[in-house]
Amino acid sequence: MIKVNLNVKELYNSDFNFLAKEAEYICLKNYGKKVFLRALLEFSNECKMNCLYCGLRKDNRNIKRYFLSVQEIKKIIKKNYLSGFRTFVLQSGEFVNFKFNELCDIIYKLKKEFKNITITLSCGYFTKRKLKLLKESGVDRYLIRFEVADEKIYSYLKNGLSLKKRIEMLYNLKELNFETGSGFMIGLPGENDEILIKNLELCYKLNLDMIGIGPFIPHPDTPLNYLNKPSFEKVLKITAILRILLPYSNIPATTASGTLEPYGREKLLKVGANVLMPNITPPRYKKYYLLYPGKICINENADTCILCLKQKLKKINRELSFDTGSSINFTMKNNNLELNYGIN
Ligand code: SAH
Ligand code: SF4
């Protein structure tokens, strides 16, 4: 396999216009005009964790907690399946043990009822044993950000938890053949250029199938409410570098970026992102799933969301795709095919 060892530090210090042009070229060459859609369902905002940055943290008593029933989840998936979606991301806080079996059961039923759907889960940390059970229930992909590639800052933000364990889970996911996604936030306390470079290096080392990054947006009901948001330019530059480092991965233009900057997601699609995740959570629940404040499209339903995204993409000469859209990385790996890495 040809895998050029790219120098992340050198890329980080490169001119933005060069990075942007290169990233867009690589993305169009590998993925074409297609932008893959993932329907995001925030099925519960219950969380036993107390991450300092997050509005869903256990100690935030200012939100109403919910957990959708199997029937509600099925109804929402059915409606969006009929609208054309085939890839569903189920996201939640970290819930207590006894809900685990319920989750496996939901996944099993969804996979049985809706043919050819791909399910991605994003519910926080699980042991290898539980990941195996999730795989057996039908989960195809898993998203869990490492948040920051610095043990000390990670442990501070997550009340003593260890980054090593989080990374171990990512390797477990890969071993169990989940399509694996991770990433980090930009603008966390203690961050500097060196740490951002370490974040990028870790994504490269993990050879991720999906990379989700986004700005940290301070939430008023958290201990980090006094901090500032990062600049959008930083998010753009980091996205472009990631596309160069991981030319065959899927990179979403995240909602947090659209919240930080008007047309933020469109701008990210111009520098290497190739995925959008429209939110299909019913508006009556969506308003209680505020990881950060000012989330966009909070009152929209899925159908208006698709129409709106279609128009946005047309303006930047890209097209919506309902394909399940595995990363080229993952597809090639599973077919024992080789990939060329690096800048041409
Ligand atoms: N509970 C799961 C999934 C939900 S949180 C987990 O923690 O993995 C999903 C992501 O939201 C987190 O990984 C984090 O990167 C992001 N997030 C949380 N609080 C945020 C904030 N204030 N600003 C921006 N992103 C945030
Ligand atoms: Fe819970 Fe995830 Fe928020 Fe942490 S980031 S408090 S685990 S929802």
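This is a predicted model: local features need pLDDT of at least 70, side-chain atom pairs count only at pLDDT 80 or more; totals for chains, interfaces and linings use all residues.

**Entry 1: the β5/β6 pair.** I then looked up how β5 and β6 are joined, and found three bridges, with the two strands running parallel.

Next I asked myself: are the faces of β6 covered or open? Both are covered, with E179 and G181 buried on one side and T180 and S182 buried on the other.

On to the next neighbour. β6, residues 179-182, is linked to β8 by two bridges, again in parallel. I checked S182 in particular, and its bridge partner in β8 is I211.

**Entry 2: the whole six-stranded sheet.** Zooming out, I read the strand order as β2-β3-β4-β5-β6-β8, an open sheet of six strands with parallel pairing. Which strands are at the edges? They are β2 (39-44) and β8 (210-211), each of which pairs on one side only.

I then looked for helices on this sheet. Helix α4, residues 99-113, packs on it and touches β2, β3 (87-92) and β4 (118-122). I noted the direction of α4 at about 160 degrees to that of β4. Helix α7, residues 163-175, also packs on the sheet, and its contacts are with β5 (141-143) and β6. The direction of α7 makes about 160 degrees with that of β6.

**Entry 3: the three-stranded sheet.** There is another open sheet to log, with three strands in the order β10-β1-β11 and parallel pairing. β10 (275-276) and β11 (319-321) are at its edges with a single partner strand each, so each has one side without a neighbour in the sheet.

I followed β1, residues 34-37, across to β11: three bridges join them, and they run parallel. Here K34 is the residue opposite E319 of β11. I also looked for what lies across this sheet and found helix α13, residues 302-315, over β1, β10 and β11. I have α13 running at about 135 degrees to β11.

**Entry 4: α2 against α9.** At what angle do α2 and α9 cross? The axes of α2 (residues 16-31) and α9 (residues 232-245) come within 8 Å and cross at roughly 50 degrees. I therefore put the two helices down as oblique to each other. The crossing of α2 and α9 is left-handed.

For the contact itself, I listed F16, L19, A20, E22, A23, I26, C27 and Y31 from α2. From α9 they meet L236, K237, A240, I241, R243 and I244. Sorted by class, that contact has eleven nonpolar residues, three charged and no polar ones.

**Entry 5: P189.** Last stop was a loop, the one between β7 (185-186) and α8 (193-206), where I found P189. Buried or exposed, I wondered about P189? Its relative accessible area is 16%, and the cut-off for buried is under 20%, so P189 counts as buried.

What does P189 touch, leaving aside residues up to four places away in sequence? I got I153, Y156, L157, L224 and L227. I also took a distance from P189 to R243, 54 residues apart along the chain: their C-alpha atoms are separated by 25 Å.

Note on methods: Residues are numbered from 1 along each chain as its sequence is written. Chains are lettered from A and ligands numbered from 1 in the order in which they are written. Side-chain values use heavy atoms; hydrogens and water are left out. Axes are lines fitted to C-alpha atoms, for helices over the stretch in contact, and angles run from 0 to 180 degrees between N-to-C directions. Helices (H or I, at least four residues) and strands (E, at least two) are DSSP runs, numbered from the N terminus. Angles under 35 degrees count as roughly parallel, over 145 as roughly antiparallel, 65 to 115 as roughly perpendicular and the rest as oblique. A crossing is left-handed if the near helix is turned anticlockwise from the far one by less than a right angle, and right-handed if clockwise. Contact means heavy atoms within 4.5 Å. Ala, Val, Leu, Ile, Met, Phe, Trp, Tyr, Cys and Pro count as nonpolar, Asp, Glu, Lys and Arg as charged, and the others, Gly among them, as polar. Two strands pair if DSSP finds at least two bridges between them. Buried means under 20% relative accessible area, exposed over 50%, partly exposed in between (1.4 Å probe, protein chains only).
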